Structures are given as C-alpha cells and as structure tokens.
Amino acid sequence: MSRPRFNRILLKLSGEVLMGPGQFGIDPATVARVAGEIAAAKEAGHELCVVVGGGNIFRGLAAAAKGFERATADYMGMLATVMNALAVQNALEQIGVDTRVQSAIPMASVCEPFIRRRAERHLEKGRVVIFAAGVGSPFFTTDSGAALRAAEMNCDALFKGTSVDGVYDADPKKVPTAKRYETVSFNRVLSDNLKVMDASAVALCRDNDIPIVVFNIRDEGNLARVLRGDGTATIVQNEEN
C-alpha cells in the first residue's frame, strides 16, 4: 500500500531514544545517528520540525508519583527537554544542518522563545526547528506539545519515532501474536486505548486532520524509508467518508 507524500513534517522523538544502549542520559553516538537521519530527510526535500521528550533525564509524571508536587515535576521535565533539544541541535550543526531551538519557556541565553511566525521563517530558510519545553505549562505531555506545534506549523503529518515498527492491537513485546495495523483510525486508537500518544494529542491531531505516522526510529535509515513510502510504519488518520 502506497503512502501519501508528506512535505512538512513534525518529528516527535522520545527522550529514551537518545539514551542509546544506556539506561540514562544522552549517548553522543546515538544523537549523531538520529541527526544523520534528520539531515537525510532534509536533503530529500522535506521541511522538518522536531520535538524531543525528556524521559532520558527526568520524567515529571514518574517524579510526581514518588512525591514531587506535580506542577514542579512537570516544569523540571520541561527543562530536560531543553537539554535534549540543545544536544540534537549540536549534533545537527556538526554535520552542517542549520537549526534553531525554540522553547515554550523563555530562556534567552540558550535559545529563542517560541514565536510561530519566526519558526515559519526559519523553515522557509531551510532550517530545522526544534521545539522544546512542551507547551510551557504543567499537566501536558510532550506528545501534546508535538501535536500542538504540528497544528500551529501546518505540518502535513506528525512522525512519531519509537522503539516499535507501528501500532499493534496489543503490546508486541508481551503478546507474540499481536497484530500490526497498516492504517488505523484516530477513533479506534482512542476507543481501544492503543497507546500511540496520549489522548489529548491524538484528539488534537484528529480534529486538525494531521496523520500520525508511527515507526521505529532505532532502525537506522528508517525515517528516510518511511518518508519514501518503503519502510514499515502505521498511519493513524481520520476515516474516509
């Protein structure tokens, strides 16, 4: 089954992707590989925005479960996403890709504040824009931040790079007979609680008709293959009338 051509995409990466083989933090070799994937997609003619989670450094929800006040924990998690964004920016610029980091929490000494029109201009100039600090408010995940930025930037699709090659009807790591979907509707994802992204992010993409493409970012070269329509992935989209 052929997939549609997406020009402007938002790539959502979990913070855990940047850990590589480690259990915590940022693995420079893994970040360099991911940067190479982004660079290859840009060279193929795509406009890219990137959102990176912070779970490799600090996860607000987990900290809240251990006694942290939730809002404080979430703000700490947002700061972790800024660290990851700067790491990805550094890796991209080392291979000659011009980038800008924009944070939802202003911190002028290290990056730009999020300004939609400025981000649009960066994309028009061929830069990769990395959005950090989620939506800038607690109680929202970076998935929600990715969906929001995808809508604001008029992206053709939201690509979610994970450690599995698509969306399954059960956890494939626990259920060997789990079935992978080639395509699945937003409503099915929500009604069956398929854990693609959090519910608010899925609903935001549904309401703005932004497909979510779920693929394995750990498989080297897979982003370029999926963008060409060759790689293994699942597209979450609105049902055709």
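**Figure 1. C205 and the other cysteines in the predicted model.** C205 is buried in this predicted model, at 0% relative accessibility. The closest cysteine sulfur to that of C205 belongs to C155 and lies 9.8 Å away, too far for a bond. A disulfide would need the two sulfur atoms within 2.5 Å. The structure holds zero disulfides. C111 is likewise in no disulfide, and the nearest cysteine sulfur, that of C49, is 15 Å away. C111 is buried, with a relative accessible area of 10%.

**Figure 2. The salt bridge between E47 and R8.** The closest N and O atoms of E47 and R8 are 2.7 Å apart. Side chains of opposite charge can pair when their charged atoms come close.

Figure 3. R100 and D98 form a salt bridge with an N to O distance of 3.2 Å. R100 is partly exposed, with a relative accessible area of 24%, and D98 is also partly exposed, at 34%. The pair is part of a network of salt bridges that links D98, R100, E112 and R127. For the structure, the count comes to 17 salt bridges.

**Figure 4. The salt bridge between R188 and D192.** The side chains of R188 and D192 meet with an N to O distance of 3.4 Å. R188 counts as partly exposed, with a relative accessibility of 37%. D192 is partly exposed as well, at 39%.

**Figure 5. The buried side of helix α4.** Helix α4 spans residues 116-124, and its residues A119, E120, H122 and L123 are buried. These residues cover an arc of only 160° around the axis, which puts them on the same side of α4.

Figure 6. The exposed residues R117 and E124 sit on the face of α4 turned away from its buried side. Just after the helix, G126 takes a positive phi of about 85°.

**Figure 7. The whole protein chain, for orientation among the close-ups.** The chain has eight helices and 11 strands. Its radius of gyration is 17 Å, close to the 18 Å that the globule rule gives for 241 residues, so the chain is as compact as a globular protein of that length. Along the principal axes, the C-alpha atoms fill a box of roughly 50 × 45 × 35 Å. Of the 241 residues, 50% are buried. Among contacts between residues at least 6 apart in sequence, 71% join residues at least 24 apart. The accessible surface of the chain comes to about 11200 Å², and carbon and sulfur atoms account for 49% of that surface.

Conventions. Residues numbered from 1 in each chain as written. Predicted model: local features only at pLDDT ≥ 70, side-chain atom pairs only at ≥ 80, totals over all residues. Heavy atoms only, no water. Salt bridge = Lys/Arg side-chain N within 4 Å of Asp/Glu carboxyl O. Buried < 20%, exposed > 50% of the residue type's maximum accessible area, 1.4 Å probe, protein only. Helix = DSSP H or I, 4+ residues; strand = E, 2+ residues; numbered from the N terminus. Rg over C-alpha atoms; globule rule 2.2 N^0.38 Å. Contact = heavy atoms within 4.5 Å. Areas by Shrake-Rupley, 256 points an atom, 1.4 Å probe, with all protein chains shown as cover. Arc of directions from axis to C-beta.
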